[in-house]
Number of protein chains: 2
Amino acid sequence: MKTNQFMELALDQARAAAERGEVPIGAVLVIDGAVIAASGNRTRELNDVTAHAEVAVIRMACDELGQERLTGADLYVTLEPCTMCAAAISFARIRRLYYGAEDPKGGAVDNGVRFYTQPTCHHAPDVYSGLQETISADILRTFFAQKRDVP
Amino acid sequence: MKTNQFMELALDQARAAAERGEVPIGAVLVIDGAVIAASGNRTRELNDVTAHAEVAVIRMACDELGQERLTGADLYVTLEPCTMCAAAISFARIRRLYYGAEDPKGGAVDNGVRFYTQPTCHHAPDVYSGLQETISADILRTFFAQKRDVP
């Protein structure tokens with residue numbers, strides 16, 4: 001599979017999250033061209049405020065592989081990771097981060113604390129941004145517009 | 001129980017973590033004077049790079065209470081939270097954060113990205129630092145010194 005196809009899978013996870021009433025962000029974790037884990041946000045389902053899509057796939061992949069670090073892994077996520085997720089991605093030693101739309105309000109890669117440029121960041125992935133950013137942002141916008149319409 | 005007694009419990013969790021070969025940091029989550037969750041680092045045990053003591057108690061408490069947020073909760077942790085944990089504490093809407101030793105290399109509260117002072121931080125706990133900081137730092141120092149001595 002190619003880069004765009006992995007991001008398509010992440011978008012599918014975002015759409016599935018919306019259907020479950022979760023904030024529609026999706027992530028896919030890939031090692032050597034194989035999908036190891038895919039998830040959307042699961043904070044409501046699990047009552048777990050840390051269960052963002054990125055953290056969910058990192059946990060699933062570590063569990064699947066029986067290891068704490070994911071050296072050589074590529075992570076595809078539909079929205080710029082937040083501060084918590086940016087740090088988790090660093091701790092997991094993920095090699096490449098591909099993300100969709102930027103998140104000026106909560107992002108921590110190219111916005112906010114720009115964690116990967118900080119002295120307290122001890123591993124930074126290579127970052128590729130803007131993949132399918134329009135669709136990614138549209139899925140989020142539609143979700144929140146529909147929520148506002150519900151009395 | 002008083003503040004110092006909760007920090008003593010967090011130190012007990014740190015010592016127990018050391019005995020399991022985990023980096024010795026402990027955390028206790030308290031609501032209305034009652035301990036809801038207590039844990040040390042569990043990253044090795046769970047093969048979960050996100051299972052820092054703070055994230056562990058937040059997840060345990062959310063699970064116990066069946067809710068995503070911990071408004072009104074106080075968190076005691078033996079070391080200054082890292083970037084991931086500082087953000088998770090914010091997302092969980094924790095009211096007060098008490099921590100022991102500062103962590104200039106990895107901390108994100110009074111060092112590093114100082115997350116609670118950033119525009120992308122949408123809830124900041126009240127922070128009380130330096131509780132039992134000498135003991136907290138000694139537990140960590142001893143752990144790493146012993147690790148270096150093992151060939």
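## A buried threonine in chain B

B:Thr78 is buried, with a relative accessible area of 1%. The model in which this value was computed is a predicted one. B:Thr78 belongs to strand S3 of chain B, which spans residues 73-79.

Beyond its neighbours within four places in sequence, B:Thr78 is in contact with residues from several parts of chain B. Among them are B:Met7, B:Ala10, B:Leu11 and B:Ala14, as well as B:Pro24, B:Ile25 and B:Gly26. The contacts also include B:Gly100, B:Ala101 and B:Ser136.

S1(A) pairs with two strands of chain A. With strand S2, residues 34-40, the pairing is antiparallel and runs over 6 bridges; here A:Leu29 has A:Ala37 as its bridge partner. The hairpin of S1(A) and S2(A) has 2 residues between the strands, and in it A:Asp32 takes a positive phi near 50°. With strand S3, residues 73-79, S1(A) pairs in the antiparallel sense over 5 bridges, and A:Ala73 is the bridge partner of A:Ile31.

## Helix H3 of chain A

Helix H3 of chain A, residues 53-65, contains 13 residues. From its first C-alpha to its last it reaches 18 Å, close to the 18 Å expected at 1.5 Å a residue. Just after the helix, A:Gly66 takes a positive phi of about 65°.

The buried residues of H3(A) are A:Ala53, A:Glu54, A:Val55, A:Ala56, A:Val57, A:Ile58, A:Arg59, A:Ala61 and A:Cys62. What covers them includes S1, S2, S3 and helix H4 of chain A, together with helix H3 of chain B.

## Contact between the H4 helices

How do H4(A) and H4(B) lie relative to each other? Their axes come within 7 Å and cross at roughly 150°. Angles over 145 degrees count as roughly antiparallel, so H4(A) is roughly antiparallel to H4(B). The crossing of the two helices is left-handed.

On the chain A side, the contact is made by A:Thr83, A:Met84, A:Ala87, A:Ala88 and A:Phe91. On the chain B side, it is made by B:Thr83, B:Met84, B:Ala87, B:Ala88 and B:Phe91. In an α-helix, residues three or four places apart point the same way, because there are 3.6 residues a turn.

Technical notes: Residues numbered from 1 in each chain as written. Chains lettered and ligands numbered in written order. Predicted model: local features only at pLDDT ≥ 70, side-chain atom pairs only at ≥ 80, totals over all residues. Heavy atoms only, no water. Pairing = 2+ DSSP bridges. Helix = DSSP H or I, 4+ residues; strand = E, 2+ residues; numbered from the N terminus. Expected span 1.5 Å × (residues − 1). Buried < 20%, exposed > 50% of the residue type's maximum accessible area, 1.4 Å probe, protein only. Contact = heavy atoms within 4.5 Å. Axes fitted to C-alpha atoms, helices over the stretch in contact; angles between N-to-C directions. Parallel < 35°, antiparallel > 145°, perpendicular 65-115°, else oblique. Left-handed = near helix turned anticlockwise from the far one by under 90°.
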